[in-house]
Amino acid sequence: MPLIGYLDRFSARPGERLEVKVSSQLGLPYRAELVRVRHADPNPAGPGMRLIPVPADWAGEYPGIAKPVPNGSFGRAAGRLALGEAFTLLLRVAPWLPRSAPQTLLALRGSGCALTLSVSDAGFAVEASHGDQAARCATAAPPHPRSWYEIAVTLGEGRLTLSQRPLQRIWGARDAGAAEAALPPADWSGETTITVAASPEATAHFNGRIEDPLLLRGTPRVTLDDPEALLASGRVAAWWDFSERMEGEAILDRGAAGLHGGLVNMPARAVKGSRWTGAEHAWRHAPRHYAAIHFHEDDLEDCRWATDFTVPIPEDMPSGVYAVRLTCGEHWDMIPFFVLPPKGVARAPIAYLANTFTCQVYANYRRPEFPEDHRRKRQAWGAFDWCGNLVTEYGLSTYNTHVDGSGIHLSSRLRPILNLRPGFVAVPDPVGSGLRHLPADSHLTDWLEEKGFAFDVITDEDLDEEGLDLLARYKCVVTGSHPEYHTPGTLDALQAYVSGGGRLAYLGGNGFYWKVARRRDRPHLLEIRRAEGGIRAWAAETGEYYNQLDGTLGGLWRRNGRPPQLLCGVGFSGQGKFEGSHYRAMPGATDPRAAWILDGTGIVPGDTFGGFGLSGGGAAGFELDRADPLLGTPPNAVILARSEGHQDHFVTVPEELLTHLTTVTGETPEALIRAEIVYFETRQGGAVFSTGSITFCGSLSHAGYANPISRMLENVLTRFQA
């Protein structure tokens with residue numbers, strides 16, 4: 001990337017600072033400045049980009065420095081090992097992507113000695129050297145991808161030996177092997193560095209799973225079938241038992257050396273090892289069944305770039321959406337962030353909840369389709385022109401897979417996020433802008449300003465940290481277009497807010513759908529396990545539905561007993577391409593409890609409305625939510641309108657389908673392809689308004705902000721903030 005950056009956090013309060021980290025390949029200084037982001041849609045058919053310059057003391061020129069991206073996960077430990085002249089290395093390995101180039105499984109480096117165990121598509125190999133003596137041997141037995149092997153290396157009695165023992169029978173495969181070479185005896189004791197799944201230089205990364213690296217003094221004929229028995233023998237110099245402390249980055253050595261180490265770039269833990277039998281699916285119940293770590297050459301937890309400058313948040317800075325704009329010649333970047341009000345203070349009656357968890361889960365999404373006419377549109381509009389289809393070095397999204405085909409289930413915000421940019425056009429949209437997430441939500445924030453609604457900005461991450469206390473001071477909380485991903489903490493806070501009399505306006509679709517995990521001591525990471533059900537870009541491996549970060553079941557909130565209908569009255573029902581349609585007003589539009597929502601629109605039951613907008617050409621489109629009493633829609637909910645006329649490519653979500661073209665509700669699959677606008681009241685003056693569509697906010701600015709969609713929301717927020 002010519003010019004790109006990221007921040008240490010998504011949000012800050014007055015009195016706090018954000019760190020800005022920039023990499024430039026241009027060899028020239030770049031300019032940095034502050035803008036407030038009101039409207040981030042570059043489509044000339046709408047209000048256009050509205051970026052308001054804000055004076056800042058830190059604005060100015062900074063030297064452009066190119067910074068590397070340290071991709072690839074591995075383990076590392078160091079300390080004194082007492083191996084003597086004879087020792088055995090044992091470990092279990094499942095290569096997921098054998099290649100012609102060797103991938104390092106384990107490397108040992110000491111004073112004047114070195115050992116490297118590697119794998120390629122030709123088989124396993126080991127190289128060892130001590131002083132000026134060196135030897136190499138290889139099995140010449142190609143491993144079967146994703147199958148487990150036990151590898152044994154011995155040094156002693158003038159020999160270097162290597163054996164490859166398959167742990168799974170594969171008919172027709174010849175994947176066992178052994179080899180040996182001469183190597184004079186030498187003392188391997190002393191200060192030693194061990195790397196697992198990469199070379200000591202953090203190259204030659206391994207793609208696959210490693211379990212139970214163990215160093216044993218002497219060269220007895222033993223296996224890893226019972227590591228505890230080996231430990232009891234008193235001959236174990238080191239044993240890194242990956243089943244210990246699975247939630248974190250530590251790797252513990254249970255051997256005599258106590259060479260505890262750590263992981264770099266957060267590989268996948270809580271994955272099936274060679275001992276998994278299917279008897280347990282929760283790793284906490286049988287940790288030794290999950291004693292493996294899955295390493296990838298494209299893992300990236302933290303770019304670890306140095307800070308170029310800081311952005312202090314002044315005490316009087318209004319809450320809102322801002323960006324650090326970087327420019328150098330024709331190249332530019334804009335790094336967005338959110339300013340909250342001071343802690344414990346509400347400066348406005350309305351809180352806009354920015355869906356930063358969803359943005360992070362989608363970070364750097366490489367879409368399956370990327371037509372050239374889509375890129376030409378972006379360039380013609382002056383939109384941000386980079387995306388995961390063009391640049392992969394900053395890690396892809398959890399909607400993509402690693403190079404070895406395993407699903408990406410961890411996402412970090414400590415890296416450039418290309419699709420989290422004002423002016424980013426995400427999807428092909430022949431009749432509209434094709435915006436997702438932050439740029440799409442600017443349709444709402446722009447409308448709030450246009451209509452004079454004062455609002456504070458808060459984020460998912462802040463809500464997870466602070467819970468109900470963050471919401472309780474607001475009369476109303478509004479979501480953006482796609483609040484899809486939530487932790488137990490954010491969902492608990494929102495449910496408590498609504499149950500306690502709060503007013504929620506859910507203005508999107510496919511919301512509160514997937515459960516994500518987070519750990520307070522690693523706040524920049526999110527985890528998603530795409531377990532059974534749901535529209536999935538990849539499927540979690542059987543037996544791997546429980547999160548490594550918190551040990552709880554992942555997957556859909558619906559599968560965890562908390563369907564979206566319990567919170568907001570509607571839940572995900574159908575999906576298609578990025579195209580929109582209209583709503584038709586239902587008899588509930590005249591219900592005295594909710595008729596005020598349509599005041600001034602002229603709409604009566606039977607009328608259609610909303611067939612316009614910057615998102616797919618209609619207020620009801622792309623991803624659709626509907627009411628369902630069986631899933632928690634309360635009996636006092638009023639359905640004001642229902643969408644119709646959706647294109648043939650729309651489908652019903654899989655969790656609704658049963659056999660023989662029937663559904664859980666008994667309706668036809670086609671009947672469930674609908675968005676519904678729902679309103680219901682709770683206690684103490686609380687209420688919920690839901691639009692059931694991801695494209696709803698794209699219609700707010702139509703016809704100079706004077707349209708039924710705009711008027712409806714104006715009626716709702718006017719009453720909700722009172």
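The largest pocket has a volume of about 690 Å³. The model is predicted, so local features need pLDDT of at least 70 and side-chain atom pairs count only at pLDDT 80 or more, while totals for chains, interfaces and linings use all residues. Residues are numbered from 1 along each chain as its sequence is written, and side-chain values use heavy atoms, with hydrogens and water left out.

**Exercise 1.** Describe the lining of the largest pocket.

Step 1. On a 1 Å grid over the protein atoms alone, a pocket is an open set of points where a 1.4 Å probe fits, with protein on both sides within 12 Å along at least five of seven lines; lining residues have an atom within 4 Å of a point. A volume is the space filled by probe spheres set on the points, which are joined across faces, edges and corners.

Step 2. The lining holds 30 residues, and Arg 367, Glu 369, Gln 575, Gly 576 and Phe 622 lie nearest the centre.

Step 3. Strand E35 (571-585) and strand E37 (620-626) each give two or more residues; strands are DSSP runs of at least two residues, numbered from the N terminus. E35 gives the most, with 6 residues.

**Exercise 2.** Examine the aromatic pair of Phe 578 and Phe 622.

Step 1. Rings of Phe, Tyr and Trp (its six-membered ring) pair if their centres lie within 6.5 Å; planes under 30 degrees apart count as stacked, over 60 as edge-to-face and the rest as tilted.

Step 2. The search of the whole structure finds 21 aromatic pairs. Tyr 362 and Tyr 365 form an edge-to-face pair, at 6.1 Å centre to centre and 75° between the planes.

Step 3. Phe 578 and Phe 622 are 5.0 Å apart centre to centre with 55° between the planes, a tilted pair. Phe 578 lies in strand E35 and Phe 622 in strand E37, so the pair ties together parts that are 44 residues apart in sequence.

Definitions and conventions. Helix = DSSP H or I, 4+ residues; strand = E, 2+ residues; numbered from the N terminus.
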